[in-house]
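Hello,

Here is the structure you asked to look at. My notes follow below it.

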Amino acid sequence: MDYILQLKNAHGDETAITAYDVAVTDSMNNFSTLGFGFLVNNMDQSDPNKVGADMMIPGTIITVPETGQQYRLLISNPASVGNMRNYTVSAIHVSKKLHDHYVRSVLTGTQSLKTCMDLIIKNTQFTYVIDGSFANYTFSENFGKGFANELLMQNLAGDFGFEYYFDNYVIHIAKKIGKSNAFVFVDNVNCSKISENNNYENVTTHIIGEGKLDDNNNPVVTAEYTSPNADVWGMIDAQPQQYDNITDKNTLLAKLKAAITDYPDIQYTMEYVDFKKQLDGFNPNDIAVGNSGWLRDRFGVDVEVRINSMTKYPQEKRSDETITFGNKLFDPVVWETATRKAYDSNVKLGNTLTKKVQTANDTAQLAYNSRVYGEKVGDSDY
């Protein structure tokens with residue numbers, strides 16, 4: 001079947017095209033994507049899709065009428081099929097325009113989330129809404145000097161502990177998005193083709209950590225945590241952590257608990273049959289990225305899961321829509337924070353090693369100069 005999409009190019013010209021296979025993929029804490037195809041009759045100058053074909057250029061915005069969400073053209077691949085020209089198109093949500101803005105200013109010390117967000121969106125068309133309250137955060141290094149989307153997704157989300165989604169140019173921020181107990185799926189009853197991917201590689205059960213360091217480079221607070229799951233998996237050490245902004249032991253302990261993964265990562269993928277079929281009073285199931293609910297697999301095991309991503313066809317009913325779930329404790333923000341912290345640690349280690357190498361080189365140079373030129377090590381010339 002064919003459906004209508006709206007186009008607007010960088011010059012402000014607008015038109016509509018008749019498309020097919022209109023698919024939208026939404027993901028947790030990420031940019032949505034849009035894919036579709038459309039045909040143009042090369043022999044028919046009055047073909048209504050011909051104008052749309054001419055608008056397959058950089059900067060064109062595509063709107064899905066059913067949701068009102070806008071997407072920026074990424075890739076357009078035309079191919080001739082007889083007298084027809086078939087276009088395969090990929091687009092990304094307009095929120096990706098955050099990457100168009102490089103933040104040159106910096107903030108230091110303790111800052112509020114509002115102050116940080118004001119810095120990110122300054123001189124852009126974006127706005128934001130914060131649902132709930134967030135404690136101020138103390139940056140151990142400057143915040144800023146980066147692309148706006150990376151500062152939001154790779155820095156602030158982890159530092160302040162929030163999730164977010166985009167409504168075109170509005171950034172919605174909350175401690176957690178989505179609803180709990182929103183659905184029940186039973187394999188071969190109201191869903192089908194459940195597949196799962198288990199990853200045990202990252203399981204850890206024990207961790208130690210330090211807080212802020214004093215003038216003598218000693219931690220002002222230390223803590224150690226062992227998960228109850230150590231009885232299941234054994235004692236598995238996680239990477240020791242050090243937090244420059246923590247001086248309270250309870251706060252440090254909470255950070256350490258969040259830093260370990262004392263359960264396997266389980267990802268489920270499912271093609272659905274009937275999301276609206278009533279099961280255990282869920283009528284209909286509430287399906288949205290971020291929502292949590294229950295999944296009963298073919299072994300009869302009930303698992304609490306959360307929707308991490310989904311591909312849907314907003315203009316038609318299809319049986320090949322897919323949903324990807326993660327187990328309840330799987331949190332993309334935690335993993336993003338852990339990845340960034342590991343990177344930051346490597347950078348600090350690299351800087352330390354560079355200084356040590358430079359010191360060693362300087363000492364060697366002084367010794368050489370002393371031996372060859374009679375200069376004393378430590379002379380003010382060096």
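Asn291 is in contact (heavy atoms within 4.5 Å) with Gly178, Lys179, Ala182, Phe183, Asp286, Val305, Arg306 and Ile307, leaving aside its neighbours within four places in sequence. This is a predicted model, in which local features need pLDDT of at least 70 and side-chain atom pairs count only at pLDDT 80 or more, while totals for chains, interfaces and linings use all residues. Residues are numbered from 1 along each chain as its sequence is written, and side-chain values use heavy atoms, with hydrogens and water left out.

Asn291 sits in the loop between strand E17 (265-272) and strand E18 (292-296); strands are DSSP runs of E, at least two residues, numbered from the N terminus. Asn291 is buried, at 3% relative accessible area. Buried means under 20%, exposed over 50%, and partly exposed in between, with a 1.4 Å probe and protein chains only. A polar atom of the Asn291 side chain lies 2.7 Å from the backbone nitrogen of Lys179.

A salt bridge is a side-chain nitrogen of Lys or Arg within 4 Å of a carboxyl oxygen of Asp or Glu.

- Lys179 pairs with Asp286, the closest N and O atoms being 2.9 Å apart. Lys179 is in the loop between E11 and strand E12 (184-186) and Asp286 in the loop between E17 and E18, so the pair ties together parts 107 residues apart in sequence. Asp286 is partly exposed, at 28%.
- Arg306 pairs with Glu163, at 2.6 Å between the closest N and O atoms. Glu163 is buried at 4%, and Arg306 is buried at 5%.

By this rule the count is 5 salt bridges.

Regards

Terms used. Helices (H or I, at least four residues) and strands (E, at least two) are DSSP runs, numbered from the N terminus. A polar contact is a pair of N or O atoms within 3.5 Å; within protein, one must be able to donate a hydrogen and the other to accept it, and residues adjacent in sequence count only if both atoms are side-chain atoms.
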